Amino acid sequence: METNTTPYTIFKTILSYSVFILASPIITFFVSKIIFEGILGTSPVTTNISSAVLAVVVLHIAVGMYILKAYSEADKVKDQ
């Protein structure tokens with residue numbers, strides 16, 4: 001089985017995961033802040049703490065997805 005590991009595909013994969021790792025926690029923080037403060041009416045301190053915790057959880061999920069992708073690609077290369 002042939003895997004497509006050209007420099008372009010590697011760059012595209014790393015770039016897409018980098019953008020996802022950078023953007024997803026920031027978007028999560030501000031969207032959850034709007035939801036908690038605007039819709040649910042929680043206090044600003046509770047809103048900031050809850051939004052930060054959610055952003056950290058999303059960041060860990062994104063990094064975990066990148067690590068899983070890297071390990072699966074390494075296994076494909078090793079099997080050739």
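Visitor: Where in α1 does a kink lie, and of about how many degrees?

Guide: Let's start with the idea of a bend: at a given residue, the bend is the angle between axes fitted to the seven residues ending there and the seven starting there. Here the kink is about 25 degrees and lies at Ala-23, shortly before the proline Pro-25. A word on the source: this is a predicted model, where local features need pLDDT of at least 70 and side-chain atom pairs count only at pLDDT 80 or more, while totals for chains, interfaces and linings use all residues. Residues are numbered from 1 along each chain as its sequence is written, and side-chain values use heavy atoms, leaving out hydrogens and water.

Visitor: Which residues of α1 are buried?

Guide: Buried means under 20% relative accessible area, exposed means over 50%, and partly exposed is in between (1.4 Å probe, protein chains only). In α1 the buried residues are Thr-9, Tyr-17, Ser-24, Pro-25, Thr-28, Ser-32 and Phe-36.

Visitor: How many aromatic pairs are there?

Guide: Rings of Phe, Tyr and Trp (its six-membered ring) pair if their centres lie within 6.5 Å; planes under 30 degrees apart count as stacked, over 60 as edge-to-face and the rest as tilted. By this rule there are 2 aromatic pairs. One of them joins Tyr-17 and Tyr-66 edge-to-face, at 5.5 Å centre to centre with 65 degrees between the planes. Tyr-17 lies in helix α1 (residues 7-39) and Tyr-66 in helix α2 (residues 44-79), so this pair ties together parts that are 49 residues apart in sequence. Tyr-17 is buried at 17% relative accessible area, whereas Tyr-66 is partly exposed at 32%. Phe-29 and Phe-30 also form an edge-to-face pair, with 5.1 Å centre to centre and 85 degrees between the planes. Phe-29 is partly exposed, at 21% relative accessibility.

Visitor: Which residue forms a salt bridge with Lys-69?

Guide: A salt bridge is a side-chain nitrogen of Lys or Arg within 4 Å of a carboxyl oxygen of Asp or Glu. The whole structure has 1 salt bridge. Glu-73 is the partner of Lys-69, and their closest N and O atoms are 3.3 Å apart. Both residues lie in helix α2, 4 residues apart, about one turn of the helix. An α-helix has 3.6 residues a turn, so residues three or four places apart point the same way. Glu-73 is partly exposed at 24% relative accessible area, and Lys-69 is partly exposed at 28%.

Visitor: Which residues make the nonpolar surface patch?

Guide: Patch residues have over 30% relative accessible area and no salt bridge, and nonpolar side chains (Val, Leu, Ile, Met, Phe, Trp, Tyr) are joined within 5 Å. Areas come from the Shrake-Rupley method with a 1.4 Å probe, and only the protein chains shown count as cover. Here Ile-10, Ile-14, Leu-59, Val-63, Tyr-66, Ile-67 and Tyr-71 make a patch of about 600 Å². The elements giving two or more residues are α1 and α2, and α2 gives the most, with 5 residues.

Terms used:
Patches are made of residues with over 30% relative accessible area and no salt bridge: like charges are joined within 9 Å, nonpolar side chains (Val, Leu, Ile, Met, Phe, Trp, Tyr) within 5 Å.
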